[in-house]
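Subject: The two-chain model, and what turned up in it

Hi,

Here is the structure I promised to pass on. Have a look at it first, then read on.

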Amino acid sequence: MKNTMKLLVVGAALAAASAPAHAEDKAKAEVMTSWTSGSEAAALDVIKREFEKRGGVWKDSSIAGFGAADAAFQNRLVAGDPPAAKQAVLGLANADFVGQGLLRPIDDIAKAGKWAEVLPKSIHDLITYNGQVYLSPTGAHGESWVFYSKDAFAKAGVNGEPKNWDEFFASLDKLKAAGIQPVAWGGQSWQESKVFNMILLTQAGMDGFLKIYVDKDKSDASVKSVTKTLNILGKLRAYVDEGAAGRNWNDATAMVITGKAGVQFMGDWAKGEFVAAGKELGKDYGCMLAPQSPGMVYVADSFSFPKIADAASQNGQALLAEVAMDPAVQVAFSLKKGSVPIRTDVDKSKLDICARKGLELMGAGRIVPDQALILSPQQAGALNDFVDEFWSNPSENSAAAAEKFFAIFE
Amino acid sequence: MRAKRRRSLAATFALLPTWIAAILVYIGTMIWSVRLSFTDSTIFPSSNYVGFAQYARLFKNSRWLASLENVLIFGVLYVGGCLALGFVLAAALDRKVRFESMFRTIFLYPYAMSFVVTGLIWQWMLNPTLGIQATVRALGWQGFVFDWIVNRDMAIYTVVFAGVWQGAGLVMVIALAGMRGIGEEQWKAAQIDGIPVWRIYLSIILPQLGPALAASGMLLSMGVIKTYDLIVAQTGGGPGYSTEVPAKFIMDNLFERQNLGLASAGATVLVLSVVMAVAPFRYALAMRAGRMGAHR
């Protein structure tokens, strides 16, 4: 008891010293995320430490699994007992919460921090609803990456990164011949649909990709792109091991880290696992865009702030919004998580070559949004179902399946 | 007469809170869910009625249709398998074997576990690269194949395995208790007539265990409808939709897919199917009870 009191006094003193604006009520935040893998937790810890350094009291309520965390959050929100902050993927899923008046706008903080100037316009538009900023972005992820084990490539005699799909499949054959599992595959539907999307981008191009997902275009050209995508996806089945069903993405990454498998298709958060395992980019593993990819599929994370009555938590929300957008925090967070800082004015010297490439693609506008950004949760779910059904049914014909693909928009 | 009425009035008052709770909490929420199934609610309840549109979408959804088929296969095999295996285990223990209580504990033990644990154990055992297949191959049989869990046509049966493994112990205990209640004289009489043991169990013991087995069958069937955790832990509904079940479909749509309307429609269909399955039973029971009352 005495210790708690002491801590409170010290904490209050710190809060008063570092943030005079919130002197009366110490900033406190219960933060709910699904960031629980080694690298994700390390990245979250970067924000936590800075938050505490500035006098906040942090309470972690992380739940493993994106869907599970969402379900818990919705229950608590509806019950009137929300956490102070929730990790939220930028996109349509948040619009309902804003529409129901459940989230708190953080426009004053965004204005004070000049977010409109330091964020790419497309991102700033995405965090703004009805003219007010609601989300504090933490980082962007590229999802068109193929990670490969340099060790495995050397053993199989694959020299350099394959430039197109034909070379890519030739490399996979070499890996197979050398007794290495060619592809580390995470057999969960969300992972499979990410692979589908990155292949679709290589086949449809940026305009074709946007036409399909944004305009829901069903022209012959779109159907053909989907068919070609499914052909490549189907071909990959032969390079995947039997134990892939239901495998977590980080378990698949571990297969590449240990050299048991050659390549993994995954978003750049996989890089965080390599970093956490002490591997070095360029020496132990490499990253390349999916073969022939004209750009990169991206997704971005942020914090959302439910309306909450408690003054201490309100201060905590304001402080967290600031901390998450701090330039130094953005870089340190990205290094741990494998993401790309979402601010354009950060110190790029510390970023690795993949992150720099990602930042470059973002700057050049050669990015297309992930399904979370352009599809409703229902449509995104239908996309997962579609890809998973196709993947698990080798007898399915690509052209016939491509016709079914467009039913996800209904 | 008056005293009696007053007493019943007092009892009614005492029960009133329970009645209110039952009506509000159970019936009320049920009506609320049914109401939602006729709206276009997404993440939050809405009052925009769309008629049977959600039901039409539901029955056009191949994942939902697959889930109905799966729960039927699973339900029949799971309940049947548990009853059959449970009865056989009970009969084996009934033979007054040594260490009976130890075996009883071992066989009942799986039932004490949560479905999540059961699902995970079986997922690992059946995983071709980790479990049984890998072990047998490591022992030298290189051609050994046991990959049902990753095979679309067989995956649902692996869930049945896990379910029966867990549930058979319960049936065993109930059936064993029933067998112990059967008098020694019947055994003696049957043995004097020279009836083989298996025949005694099948033709004399089994018919007398009817109520016990019906009760355990009922308990297991209720579990079938709400099967969710076992599937999530063992297969996640995969490969594809091959082990999808209605409860998982509803949960996924409720939260991840933010589709309250469709999820409520699914839940309503589920409740209706349970009512359709149970109503004839209840009706027959009520009829029989009424007839017995009249005789008395």
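Below are my notes, going from the core to the contacts and then to a few helices and loops.

Before you start: this is a predicted model, where local features need pLDDT of at least 70, side-chain atom pairs count only at pLDDT 80 or more, and totals for chains, interfaces and linings use all residues. Residues are numbered from 1 along each chain as its sequence is written, while chains are lettered from A and ligands numbered from 1 in the order in which they are written.

**The core**

Some terms first. A residue is buried if 20 or more other C-beta atoms lie within 10 Å of its own, exposed if 12 or fewer, and partly exposed in between, with C-beta atoms placed from the backbone. A nonpolar core is a set of buried Ala, Val, Leu, Ile, Met, Phe, Trp, Tyr and Cys residues joined through C-beta atoms within 7 Å.

The largest nonpolar core has 170 residues, and the members that touch the most others are Phe147(A), Val256(A), Leu320(A), Val171(B), Met172(B) and Ala175(B). Its top contributor is helix H7 of chain B (residues 155-180), with 13 residues. (Helices, H or I of at least four residues, and strands, E of at least two, are DSSP runs numbered from the N terminus.) Domain 1 and domain 2 of chain A both give residues to this core, so it lies between them.

What does Met172(B) touch, leaving aside its neighbours within four places in sequence? Its contacts are Gly86(B), Leu89(B), Ala90(B), Phe107(B) and Leu108(B). Here "in contact" means that the C-beta atoms of two residues, placed from the backbone, lie within 7 Å.

**Two domains in chain A**

Chain A is assigned domain 1 (24-142 + 299-357) and domain 2 (145-297 + 372-409); such bounds come from an automatic or database domain assignment. Taken over C-alpha atoms, the centres of these two domains of chain A are 28 Å apart. Their contact takes 22 residues from domain 1 and 19 residues from domain 2. On the domain 1 side, helix H2 (38-53), strand S6 (135-142), helix H15 (327-337) and helix H16 (353-363) of chain A give two or more residues, with the largest share, 5 residues, coming from H2(A). That side divides into 10 nonpolar, 8 polar and 4 charged residues. For this count, Ala, Val, Leu, Ile, Met, Phe, Trp, Tyr, Cys and Pro are nonpolar, Asp, Glu, Lys and Arg are charged, and the others, Gly among them, are polar.

**Where the chains meet**

22 residues of chain A are in contact with 24 residues of chain B. On the chain A side, helix H3 (66-78) and helix H18 (377-391) each supply at least two residues, and H18(A) has the largest share, 6 residues. The chain A side is made up of 4 nonpolar, 11 polar and 7 charged residues.

Which residues of H10(B) are buried? They are Ala212(B), Ser216(B) and Leu220(B). These cover an arc of only 60 degrees around the axis, which puts them on the same side of H10(B). (The arc is that of the directions from the helix axis to the C-beta atoms.) An α-helix has 3.6 residues a turn, so residues three or four places apart point the same way. The face turned away from the buried side of H10(B) carries the exposed Gly210(B), Pro211(B), Ala214(B), Met218(B) and Met222(B). Helix H3 (62-94) and H7 of chain B are among what covers the buried residues of H10(B).

In H16(A), the buried residues are Cys354(A), Ala355(A), Gly358(A), Leu359(A), Leu361(A) and Met362(A). They fall within an arc of 160 degrees, so they line one face of H16(A). On the other side of H16(A), Ile353(A) and Gly363(A) are exposed. Gly365(A), which follows H16(A), has a positive phi, near 75 degrees.

**Two loop residues to look up**

Asn130(A) has a positive phi near 50 degrees although it is not a glycine, and it lies in the loop between strands S4 (128-129) and S5 (132-133) of chain A. Asn130(A) is exposed, with 8 other C-beta atoms within 10 Å. Gln292(A), also not a glycine, has a positive phi of about 65 degrees. Gln292(A) is partly exposed, with 17 other C-beta atoms within 10 Å.

Cheers
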